[in-house]
Amino acid sequence: LETVVYFRAQMRKDPDMASAVAAIRTLLEFLKRDKGETILGLRESLTGATDCLTGVDSSVAVSSGGELFLRFISLTSLEHQDLSRCKKVMEERGELFLEKISMSRAKVAKLCHTFIKDGAKILTHSYSRVVLRVLEKAAAEKKRFSVYVTESQPDSAGRQMADALRKLNVPVTVVLDAAVGYVLEKVDLVIVGAEGVVESGGIINKIGTYQMAVCSKAHNKPFYVVAESFKFVRLYPLNQQDVPDKFKYKADTLKTVKNLSEEHPMIDYTPPSLITLLFTDLGVLTPSAVSDELIKLYL
Amino acid sequence: MPGPDKETDLTERIEAFLSDLKRGGSGTGPLRGSAETARETTALLRRITAQARWSSAGDLMEIIRKEGRRITAAQPSETTVGNMIRRVLKIVREEYARSRGSSEETDQQESLHKLLTSGGLSEENFRQHFATLKANVIEAINELLTELEGTTDNIAMQALEHIHSNEVIMTIGRSRTVEAFLKDAARKRKFHVIVAECAPFCQGHEMATSLSKAGIETTVIADAAIFAVMSRVNKVIIGTQTVLANGGLRAVNGTHTLALAAKHHSTPLIVCAPMFKLSPQVGRLSSLNSQFTICISGEILSKVNVHCPVFDYVPPELITLFISNIGGHAPSYIYRLMSELYHPEDHEL
């Protein structure tokens, strides 16, 4: 499918781009090339395209990006009855939307770096481009801080984060995932990214985040989450089992493996009671404010 | 036409206000309550609107912001000043939107919805001139002033719902709002009040005297006895200097201790705070604000470092309820009230 090819090309072209943004870009391109005659047909083909994309990259972010785009289509199509004009408006607004969300990481970094005080010791989990951006901004503001990164098995993404931080001349130490409790007494604050932010204000992120959140609560350290607003997703998990299987495992694993109970999940759910604040491009939010934002969008 | 006399008169008043604020902070001038500061700030802003020279809403907001930055720099710990400035800026924006006839006032905040549906990067530059804008803004500021005058009464009116007969209430230091609250309840109910004296200024003593004059049975305790006495307390009612955006408090020192003791005994902690104390700042205060120093005499003075923080940070998890002039709210709801009072672009003056 050329959708998949385009998506992969987008991801390769800019490795720094969020996967949701790449998904939205792909869907916009799909929209431009679509030859459908009706809006309903358009919606159906877009849903098909989104399913295609989630078949390639089953992360929450791609799913939320796709849903947001569909919502965008529905909202725009309500305003204009004529398909061709509708499509033109959609394309314009789509480009505008992409422009705005490409600035979202900068907004988040601007909000968050003030919370990093001089001499702070920060703990983070795995590789997050948003957290990296925040730390870049703080380093640019001449703040002195040091970072502990968890190795984050099974893919050792933490090492990638450590390399990126070393390039910024930030003192960084890689710790075992099991050493989170050990290291927390030295740490001043914990900052993590998120793959998805759910309706309750909790987050879905790389496995090991929940553990880190529980330990920070026990040590009374602030647990901050940085995420762009397009990651808000309409899920309300009540516990770890509630998170749909399609997000927990990689797309290839889902297709090939018969017995999922023998596989290790790649993500976990952190409930809102463990999160102190969320930094998004919509502002600094308490977890209870997240559902408000989602309601404003979907109702 | 406002002549040069009016301009100098205006600058004189601003200078007088600034020096008053500075003196109030150093402890030499009369200690003013936050309500008075809020009222005086709003009156000053009304005067600026009336007398300064401006042709469009954008100019007015620039002037207010400039003066606002000066005033907040004079006394950074007095957050009510900044809050009132932000309220007035929001008023100006609303009146401008109303004059333009647009219904944009409902969707001023950033939201996911706005991201998806807006037609362009809307740069609202407030350049249009409206003749009636000045009158509308001044009228709205007058409404704000009336609201400010009624805040303590509005809070006190809610007292009977929260205080029951034969209860033991604990408070700390001196808060005019809590005083009015308790006095209002005392008209119909009999209860006991324990006041923690709140060293080193021991404002608790004045609070106790004032309450006992109103016929309330009051006991004064030392701050160190808070935990010991807490098991006998039914409710803790306190005032605060500022309410932060995450639902936390910046209150007089000793309040965090009180809050932790209340949490330990599962005693509800009620904060009486009028809406003008709500500030868009977030986060913990790691910096010590020692503006007051204690007198230590003798040789020890050279060998000792004295830190005397004026304010405490109380995290939102320790607070049960906020009682404001518009009713009772949970700490997790404060962000919503904030979005209704201030515009996000005004958070940073």
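**View 1. Arg65(B), a buried residue in a salt bridge of the predicted model.** Arg65(B) has a relative accessibility of 16% and therefore counts as buried. The model shown here and in the other views is predicted. The side chain of Arg65(B) forms a salt bridge with that of Asp346(B), at 3.6 Å from N to O. Since Arg65(B) belongs to helix H3 (residues 57-74) of chain B and Asp346(B) to the segment after helix H12 (334-341), the pair ties together parts that are 281 residues apart in sequence. Asp346(B) is likewise buried, its relative accessible area being 0%. Through shared partners, salt bridges join Glu62(B), Arg65(B), Arg69(B), Arg93(B), Glu345(B) and Asp346(B) into one network.

View 2. Glu228(A) and Arg105(A) meet through their side chains in a salt bridge of 3.2 Å, N to O. Glu228(A) is in the loop between strand S7 (223-226) and helix H11 (245-248) of chain A, while Arg105(A) is in helix H6 (residues 104-112), so this pair links parts 123 residues apart in sequence. Glu228(A) is buried at 1% relative accessibility, and Arg105(A) is buried at 10%. A salt bridge also connects the side chains of Arg234(A) and Glu199(A), at 3.9 Å from N to O. Arg234(A) lies in the loop between S7 and H11 of chain A, and Glu199(A) in the loop between strand S5 (196-197) and strand S6 (203-206), so the parts tied together are 35 residues apart in sequence. Arg234(A) is partly exposed, with a relative accessible area of 42%.

**View 3. The buried face of helix H11 in chain B.** Helix H11 (residues 255-264) of chain B has Thr255(B), Leu258(B), Ala259(B), Ala261(B) and Ala262(B) as its buried residues. Viewed down the axis of H11(B), these residues fall within an arc of 165° and so line one face of the helix. They pack against elements of chain B including strand S1 (168-172), helix H10 (226-230) and strand S4 (235-238). Ser266(B), which follows H11(B), has a positive phi near 55°.

**View 4. Surroundings of Val243(B).** Val243(B) is part of strand S5 (residues 242-243) of chain B and is buried, at 3% relative accessible area. Leu278(B) is 35 residues from Val243(B) in sequence, yet their C-alpha atoms are 4.7 Å apart. Beyond residues up to four places away in sequence, Val243(B) touches several residues, among them Leu249(B), Leu278(B), Phe322(B) and Ile334(B).

**View 5. A nonpolar surface patch in chain B.** Together, Ile300(B), Val304(B) and Val306(B) form a nonpolar patch on the surface, with about 230 Å² of accessible area. Val306(B) sits in the loop between strand S7 (269-272) and strand S8 (311-314) of chain B and is partly exposed, at 40% relative accessibility.

Conventions:
Residues numbered from 1 in each chain as written. Chains lettered and ligands numbered in written order. Predicted model: local features only at pLDDT ≥ 70, side-chain atom pairs only at ≥ 80, totals over all residues. Heavy atoms only, no water. Patch = residues over 30% accessible without salt bridge, like charges linked within 9 Å, V, L, I, M, F, W, Y side chains within 5 Å. Areas by Shrake-Rupley, 256 points an atom, 1.4 Å probe, with all protein chains shown as cover. Salt bridge = Lys/Arg side-chain N within 4 Å of Asp/Glu carboxyl O. Helix = DSSP H or I, 4+ residues; strand = E, 2+ residues; numbered from the N terminus. Buried < 20%, exposed > 50% of the residue type's maximum accessible area, 1.4 Å probe, protein only. Arc of directions from axis to C-beta. Contact = heavy atoms within 4.5 Å.
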